[in-house]
Amino acid sequence: TLPSWTAAGFEVMVHTLLALQPQGLAAPRHEPPCGRRRRRLDLAAEGEALIDLEITGAEGFEPGGYRAYLRLQQLRLRAMAAAGRLHWFGLFQGPALVASCGLLRDAAVAGASARFQRGIVHPGSRRQGLATALVHGVSRLALQDWRAARGCMVADPDAPAIRVYRALGYAPLSSAVALQRRAPEDGGAAS
């Protein structure tokens, strides 16, 4: 039961699973901010810039350990990209990476589902429509270029980002429960 998991030091997180059908993508309510450009990232060449951005959203994690974890994750991401299953996108303001998200598909074939991965906007660039512009553009790519059967994402039902997804046409499918136990360096209980 969940109380026994929390007693063992685990955090219980409830997430909403959302899906976007091919004809369901809604236009953003506002024009994307001027001076920003979206493009696919080269993870081998731009991996550190992506990690630097992701570290800005690492509340509650020890930065050095989280950076090491992200570097290991980059190896997995690069392998999926080489197999044609993953693209990572960035939104830039001048030379600065200010938002990013990944797009993963079950297989590199038409009709596979496309799933978003780790969307983040730099704290200093939030509430400017960047997430909306990025998610809309990447969703359009998934549905048109990849010919995905649907776009999927998992979101915290209490986070502001879920309003962005729903406004673009993503509809709730179900809920999922996840458990997380933080390392002592990240404020978790010692084993």
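Val 14 lies in strand 1, where strands (E, at least two residues) and helices (H or I, at least four residues) are DSSP runs numbered from the N terminus. This is a predicted model, in which local features need pLDDT of at least 70 and side-chain atom pairs count only at pLDDT 80 or more, while totals for chains, interfaces and linings use all residues. Residues are numbered from 1 along each chain as its sequence is written, and side-chain values use heavy atoms, with hydrogens and water left out.

Val 14 counts as partly exposed because its relative accessibility is 44%; buried means under 20% relative accessible area, exposed over 50%, and partly exposed in between (1.4 Å probe, protein chains only). With Leu 2, Trp 5, Val 12, Val 177 and Leu 179, Val 14 forms a nonpolar patch on the surface, with about 480 Å² of accessible area together. At least two residues of this patch come from each of helix 1 (2–7), strand 1 (11–20) and strand 7 (171–180). Such patches take residues with over 30% relative accessible area and no salt bridge, joining nonpolar side chains (Val, Leu, Ile, Met, Phe, Trp, Tyr) within 5 Å and like charges within 9 Å. Areas come from the Shrake-Rupley method with a 1.4 Å probe, and for residues only the protein chains shown count as cover.

The whole structure holds 5 salt bridges, each a side-chain nitrogen of Lys or Arg within 4 Å of a carboxyl oxygen of Asp or Glu. Asp 52 and Arg 67 form one at 2.9 Å, N to O. Asp 52 lies in helix 2 and Arg 67 in helix 3, so this pair ties together parts 15 residues apart in sequence. Salt bridges with shared partners join Glu 48, Asp 52, Arg 67 and Arg 71 into one network.
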